[in-house]
Amino acid sequence: MHLVVNPQAMERTMADARSEAKRPTRDPAEDNAFFPSPYSLSQFTSTKSNLSDADYPGRYTGGRWKVLVVGADERYLLTGNGTMFSTGNHPVETLLPMYHLDRAGF
C-alpha cells in the first residue's frame with residue numbers, strides 16, 4: 001500500500017487550520033459574543049502572572065502623574081461591527097498594568 005501525498009493540498013489544509021486558530025471563539029453562553037482566538041491566547045497570555053520584570057531602573061521621576069483607568073463591570077463589550085466581545089473582566093487584566101505603571105514611576 002502506498003500513500004500519495006499532495007503537498008499543495010497539505011499546505012492549504014495547514015493554512016486553513018492556522019487561519020481558523022486566529023478566528024475569535026464563539027461564546028456558547030451568549031448570542032453573538034466571542035472570546036479571543038486560540039492563537040491570541042497562546043501568544044499573548046500566560047498561565048501565571050510574573051512580576052519579576054517590574055523593575056524599572058530608568059523609572060519616571062518628574063513628579064506624580066494621575067493615570068486614568070477605565071474598567072468595565074460588564075462581561076461583554078459591544079464592538080463597532082455589532083458583535084459582543086468578552087472583556088475578560090479579570091482582576092489581573094486591571095491590576096497588573098496598574099502595578100507596572102506604579103513601578104515605572106507614574
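**The sheet**

Start by selecting the four strands, which make an open sheet in the order β1-β2-β4-β3, with mixed pairing. Now look at its two edges. β1 (25-26) and β3 (76-78) stand there with a single partner strand each, so one side of each has no neighbour in the sheet. Keep in mind on this tour that the model is predicted.

Next, select β1 together with β2 (residues 33-35). These strands run antiparallel and are joined by two bridges. Which residue of β2 is the bridge partner of R26? Click on F34 in β2 to see that partner.

**The whole chain**

Zoom out and colour by secondary structure. The protein chain has three helices and four strands.

The accessible surface of the protein chain is about 9,100 Å², and carbon and sulfur atoms account for 59% of that. How many of the 106 residues count as buried? The share is 9%. For contacts between residues at least 6 apart in sequence, 49% join residues at least 24 apart.

**A loop residue**

Select T83, in the loop between β3 and β4. T83 and A33 are 50 residues apart in sequence, yet their C-alpha atoms are 6.1 Å apart in space. Show the side chains around T83 as well: leaving out residues up to four places away in sequence, T83 touches N32, F34, L77 and L78.

**The largest pocket**

Move on to the largest pocket, which has a volume of about 480 Å³. It is lined by 18 residues, and those closest to its centre are L41, F44, T45, S46 and E93. Select these five to find the place. Then colour α2 (38-44), β4 (84-86) and α3, the elements that each give two or more residues to the lining.

**The last helix**

Stay with α3 and select residues 91-103. How far apart should the ends of this helix be? At 1.5 Å a residue, its 13 residues should span 18 Å, and the end C-alpha atoms are 18 Å apart, which agrees. While the helix is on screen, recall that an α-helix has 3.6 residues a turn, so residues three or four places apart point the same way.

α3 is followed by G105, and the phi of G105 is positive, near 105°.

Conventions
Residues numbered from 1 in each chain as written. Predicted model: local features only at pLDDT ≥ 70, side-chain atom pairs only at ≥ 80, totals over all residues. Heavy atoms only, no water. Expected span 1.5 Å × (residues − 1). Buried < 20%, exposed > 50% of the residue type's maximum accessible area, 1.4 Å probe, protein only. Contact = heavy atoms within 4.5 Å. Areas by Shrake-Rupley, 256 points an atom, 1.4 Å probe, with all protein chains shown as cover. Pairing = 2+ DSSP bridges. 1 Å grid on protein atoms, 1.4 Å probe; cavity = no way out; pocket = protein on both sides within 12 Å on 5 of 7 lines; lining within 4 Å. Points joined across faces, edges and corners; volume = space filled by probe spheres on them.
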